[in-house]
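Here's a quick briefing to read with the model open beside you.

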Amino acid sequence: MITIIDQKQNFIKGIIKENPVFVMLLGMCPTLGVTSSAFNGLGMGVATLFVLLMSNIVVSLVKSQIPSKVRIPAFIIIIASFVTIVEMVLEAFIPFLYEQLGIFIPLIVVNCLILGRAEAFASKHNLYSSIIDALGMGIGFVLALTLLGATREILGNGSLFELKFVSENANTFILFILPPGAFIALAYLAAVFNKFTIKV
Amino acid sequence: MEYILILIAAVFVNNIVLAQFLGICPFFGVSNKVSTSVGMSGAVLFVMTIATVVTYLLHQYVLVPTGLVYLRTITFILVIAALVQMVEIMLKKVSPPLYQALGVFLPLITTNCAVLGVAILALGLENTSLLKATFFAISHSIGFALALILFASIREHLELATIPKGMKGVPINLLVAGLLSLAFLGFTGLV
């Protein structure tokens, strides 16, 4: 019998203790690739959250039907179907975000976070726990991407969610919206995260 | 001339790992020793080239004529997953020494987003052709190998260095990758 407290911990762990980005280093490609602004980070995070939630739901529902030898290909098909849905919805309704995220939308399918949760959690737990797990991990991912995107946008562009708070021709650290800035910003964020989660 | 430009662009200017952020997982995962990183680079070169050829043909001759381009993501990932399995089985039979060297890395490649990424990017090339797509894949895997081996060499030295407590592990590796990426930024404008 799973108590409410267990479920609460199940939810919280994805956000802090097992944060997919800062602690477990899953899904690094989109994390580094699309976070040149807070909005892009948020968009990517929400798209991934959706795919993660839906695939966890489906995997936990059909887990007893799938022979264990072909479970990984089966999980990949389930995930790829939801990624295709996301791809088509974004292209139709938010073409701006679709352009910005580009190649990283089809690549959600190889995001190790999603396959990892399907394999490690949803294939072993019931529907309710799987939904909570997906929400916790997904929100942890959204927060991490938005935080990284916001950090890079503030330092690199002097703005947050496209709202500029420095004058038009002020000097900003352009480095942070260029590729090296992604690694460097994430390095320091991970160091700060280390400081608070593990007693070093 | 066009092919030389593709090569330089893929290896230095738009390096797949350091500028395009594809294949970051193996980049951090298998870079603790130079020898393993060489093995991984070989496996990526092998699989990426074959995968791009197969997905390119599939896209041009099956998906486009039948109007099923929107199924691209699903088809490609399945083809790549199946291909990796096949390559593994064939390699085991045909060339045991090569299998010994690359074997452990092959299953890891299915989740390497660089392979799927390059297969998709190769479709978007200007006047793309099979030859061009293949060359594109080879150039990108050389870029991957260069970045991975450089990074592994730095990490081997890093083990001897004194690192502040909080920076140990993940942060220092990210920082090194950032500096490497900064160095590659110097190639901008070359092509």
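Helices here are DSSP runs of H or I with at least four residues, strands are E runs of at least two, and both are numbered from the N terminus. On that basis, chain B has nine helices and zero strands. Keep in mind that this is a predicted model: local features need pLDDT of at least 70, side-chain atom pairs count only at pLDDT 80 or more, and totals for chains, interfaces and linings use all residues. Residues are numbered from 1 along each chain as its sequence is written, while chains are lettered from A and ligands numbered from 1 in the order in which they are written.

**Chain B overall**

- Going along the sequence, the pattern of chain B reads α-α-α-α-α-α-α-α-α.
- Chain B has a radius of gyration of 18 Å, close to the 16 Å that the globule rule gives for 191 residues, so it is as compact as a globular protein of that length. (The radius is taken over C-alpha atoms, and the rule is 2.2 Å times the number of residues to the power 0.38.)
- The C-alpha trace of chain B spans about 60 × 45 × 30 Å along its principal axes.
- Buried residues make up 39% of the 191 in chain B. (Buried means 20 or more other C-beta atoms within 10 Å of the residue's own, exposed means 12 or fewer, and partly exposed is in between, with C-beta atoms placed from the backbone.)
- Two residues are in contact if their C-beta atoms, placed from the backbone, lie within 7 Å. Of the chain B contacts with a separation of 6 or more, 78% come from residues 24 or more positions apart.

**Where chain B meets chain A**

- Chain B puts 31 residues into the contact, and chain A puts in 34 residues.
- On the chain B side, the elements giving two or more residues are helix 2 (24-29), helix 4 (72-94), helix 7 (113-123) and helix 9 (170-185).
- Helix 9 of chain B gives the most to that side, with nine residues.

**A closer look at B:Leu116**

- B:Leu116 sits in helix 7 of chain B.
- B:Leu116 counts as buried because it has 27 C-beta neighbours inside 10 Å.
- Setting aside neighbours within four places in sequence, B:Leu116 is in contact with A:Leu107, A:Val110, B:Phe76, B:Ile77 and B:Ile80.
- B:Ile77 is 39 residues away from B:Leu116 along the chain, yet their C-alpha atoms are separated by 6.8 Å.

**Over in chain A**

- Just past helix 7 of chain A, A:Gly158 has a positive phi of about 65°.
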